[in-house]
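This report describes the sheet and the nonpolar cores of a single structure. Please consult the sequence and the model shown below while reading.

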Amino acid sequence: IHSTSGALSAKLTPTSFLITPSGIDRCSIMPRDMVLIDFASLAQAKAGRGARFYEEQGLAPSRAWAAHNALYQAFPDVRAVMHAHPFHITSFCMSSVKFQSNVIPESYIVLRSVARIGFRESLKKDLMVDAFRKESPCNVMLVDNDGVVIKGTSLEQVFDRLEVLEATANVVLECHSLGNLSLMTEKQMDEIDETWFGGEESNGKRKRHSPQTGDSTT
């Protein structure tokens with residue numbers, strides 16, 4: 001979108017995290033440019049109040065810091081959050097075309113459920129948290145006209161999900177120029193759930209996408 005779009009943060013303790021600065025070219029960010037956000041107590045961190053910013057002179061944290069903090073407090077296992085605008089997946093965010101993760105086993109295993117939220121709603125941190133909770137397990141959130149938000153247990157996992165997400169979106173777009181897209185069946189997804197996740201998402205508990213229409217079904 002532009003050289004300063006997007007944000008990346010990493011959780012350090014239950015009450016602190018590092019986040020990219022506002023207004024700095026993402027290609028030229030140095031370690032000293034990262035902004036430390038710290039709260040005096042866990043109660044303040046959960047409430048999102050009383051944040052102290054530690055940054056170099058002239059730098060400020062990304063405006064997404066409050067949303068990132070809300071995700072850290074709502075999901076204790078999350079240790080990294082990214083808001084990015086990859087070329088191919090952003091094309092889905094800027095259209096009404098639904099993105100489905102059950103293209104191949106790798107995309108389904110790595111991405112799981114991919115949810116979506118409106119741009120206006122995404123500006124309210126509580127609604128963002130609720131959207132992630134609504135479709136479980138969900139670690140990827142498409143934002144209308146504003147890229148994607150990804151959470152994970154580490155920076156490596158977030159980047160892995162981003163890479164698989166963008167590669168899958170590229171494949172889907174290329175596929176449409178050749179013919180129809182064939183998605184994994186319910187049976188195939190059940191087999192993966194059983195093998196990789198102990199069947200925790202089987203037996204109709206997962207909100208799935210119809211291979212024919214892409215509409216959510218139970």
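In what order do the eight strands form the open sheet?

The model is predicted. Its open sheet has the strand order 4-3-2-1-5-8-7-6, with mixed pairing. Strand 4 (51-54) and strand 6 (113-117) are the edge strands; each has a single partner strand, so one side of each is left without a neighbour in the sheet. From one strand to the next, the twist averages 20°.

Strand 7 (residues 138-143) and strand 8 (residues 148-152) run antiparallel and are joined by three bridges. Leu 142 has Val 148, in strand 8, as its bridge partner.

Helix 7 (residues 155-176) packs on the sheet, where it touches strand 1 (7-13), strand 5 (80-84), strand 7 and strand 8. The direction of helix 7 makes about 140° with that of strand 8.

## The nonpolar cores

The largest nonpolar core comprises 24 residues, and Leu 71, Met 128, Phe 132, Met 141 and Val 149 have the most contacts inside it. Two or more residues each come from strand 2 (16-19), strand 3 (35-39), helix 2 (65-74), strand 6, helix 6 (125-134) and strand 7. The most is given by helix 2, with five residues.

Beyond its neighbours within four places in sequence, Val 149 is in contact with Leu 71, Val 81, Met 82, His 83, Met 128, Phe 132, Asn 139, Val 140, Met 141 and Val 143. Another core, of 22 residues, lies apart from the largest one; Phe 99, Leu 111, Leu 162 and Ala 169 are among its members.

Notes. Residues numbered from 1 in each chain as written. Predicted model: local features only at pLDDT ≥ 70, side-chain atom pairs only at ≥ 80, totals over all residues. Heavy atoms only, no water. Pairing = 2+ DSSP bridges. Helix = DSSP H or I, 4+ residues; strand = E, 2+ residues; numbered from the N terminus. Axes fitted to C-alpha atoms, helices over the stretch in contact; angles between N-to-C directions. Contact = heavy atoms within 4.5 Å. Core = buried A, V, L, I, M, F, W, Y, C linked by side-chain atoms within 4.5 Å. Buried < 20%, exposed > 50% of the residue type's maximum accessible area, 1.4 Å probe, protein only.
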